[in-house]
Amino acid sequence: MQGTKKAQQPKGPKIVCIGGGTGHANLLRGLKKITQNITAIVTVSDDGGGSGVLRDELQIPPPGDIRNCMQALSNAEPTIEKLMAYRFDAGNLSGQSFGNLFLAAINGISESFDKAVIKMGEVLSITGRVLPVSIDDVHLWATFEDGSMVVGESKIASAKRERKSRIKKITVAPENAKVLPQCIEAIGSADVIVFGPGSLYTSIIPNLLIDGVVTALEKSDALKIYVCNIMTEPGETDEYTVSEHIQGIFDHTCKQLFDYCIVNAKEINRDILRRYVSEGYEPVKLDEEKIAKLGVEIVKCELVSPDNTLIRHDSDKLAERIFDMLINNAPTRLYTKGKP
């Protein structure tokens, strides 16, 4: 009689990624080639588009960002991946993603939304795991420098443009929204914690406002890295420099939540840049003196993807740089925390 085989432990350093949106998913595509120990902690404050519709009608957390991360980490057959990304283009389902509907359906046969996310991960055979930061009904409030306020993530950008006033503060409602316990456990055992890339006020900071997250981050001895966006975001970070991105996070959390900030140092294709600028985007300016005063060390990398249509991070180069930083800064961590 043969003995039962022990389940193989995931290989590689434990990396926790905190964010949401396409930038977050893009990073995960690169990281899954380096380690199996990935935990993506994802924001649940989206209230627009297809996710917002499902959120309102089915009373579930918005599935879109979670589904994006699942697709990035998926090892399923190509047809399944295409199916998850498919968007209906007609009828009542126009604009809705099949992947969002699929997750909503799994939620209907699961005990809770977080368990539904686990089941979807099994279906897609993902590397690592994806965790909603909370399964509570979380909404964003934005306060602008002119004193006005707006409720709802999907309304923030348009409200900022109308007021022509910067965002001063982001808060979550309810204030006592509970963090998913697995998120705290992942942060506590991480070798590296990566913030971003992604929308500053609507993808990264909302995760950090959930009660217990910042406390866990402060206790963690992991290498903490912020990946700054390559371009500013119209209606959110217009004219922001790198230091202002960093200061925005610190103002909402604590001083020196992270020690390193990765920034792009590669020249952007002029034709593509011209198109972005015409739409209100501009490269995030590097202001090193102000960053130094914040106690953060800048790591410059040539990270613009060779894509000829979009300005985004090269997922493989970014993942490799993060891994190199871990090796160079904490060579013993991989062994003291159980790397095979």
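## Largest pocket

In this predicted model, the largest pocket has a volume of about 1100 Å³. Its lining consists of 34 residues, and those nearest the centre are Gly21, Thr22, Gly23, Ser199 and Glu233. By class, the lining holds 16 polar, 11 nonpolar and 7 charged residues.

Helices H1 (21-31), H3, H7 (153-163) and H9 (200-208) are the elements that each give two or more residues to this lining. The largest share comes from H1, which gives 6 residues.

## Helix H3

Helix H3, which also takes part in the pocket lining, spans residues 64-73 and lies across strands S2 (38-42) and S3. The helix runs at about 170° to S3.

How many residues of H3 are buried? The count is 10 of its 10 residues. Among them are the charged residues Asp65 and Arg67, as well as Ile66, Met70 and Leu73. Buried here means under 20% relative accessible area.

## Sheet

Strands S2 and S3, which H3 lies across, belong to an open sheet of 7 strands. The strand order is S3-S2-S1-S7-S8-S9-S10, and the pairing is parallel. Strands S3 (129-132) and S10 (297-301) stand at the edges; each has a single partner strand, so one side of each is left without a neighbour in the sheet. From one strand to the next, the twist averages 25°.

At the S10 edge, the partner strand is S9 (residues 260-264), and the two pair in the parallel sense over 5 bridges. Within this pairing, Tyr260 has Glu297 of S10 as its bridge partner.

Terms used
Residues numbered from 1 in each chain as written. Predicted model: local features only at pLDDT ≥ 70, side-chain atom pairs only at ≥ 80, totals over all residues. Heavy atoms only, no water. Pairing = 2+ DSSP bridges. Helix = DSSP H or I, 4+ residues; strand = E, 2+ residues; numbered from the N terminus. Axes fitted to C-alpha atoms, helices over the stretch in contact; angles between N-to-C directions. Contact = heavy atoms within 4.5 Å. Buried < 20%, exposed > 50% of the residue type's maximum accessible area, 1.4 Å probe, protein only. 1 Å grid on protein atoms, 1.4 Å probe; cavity = no way out; pocket = protein on both sides within 12 Å on 5 of 7 lines; lining within 4 Å. Points joined across faces, edges and corners; volume = space filled by probe spheres on them.
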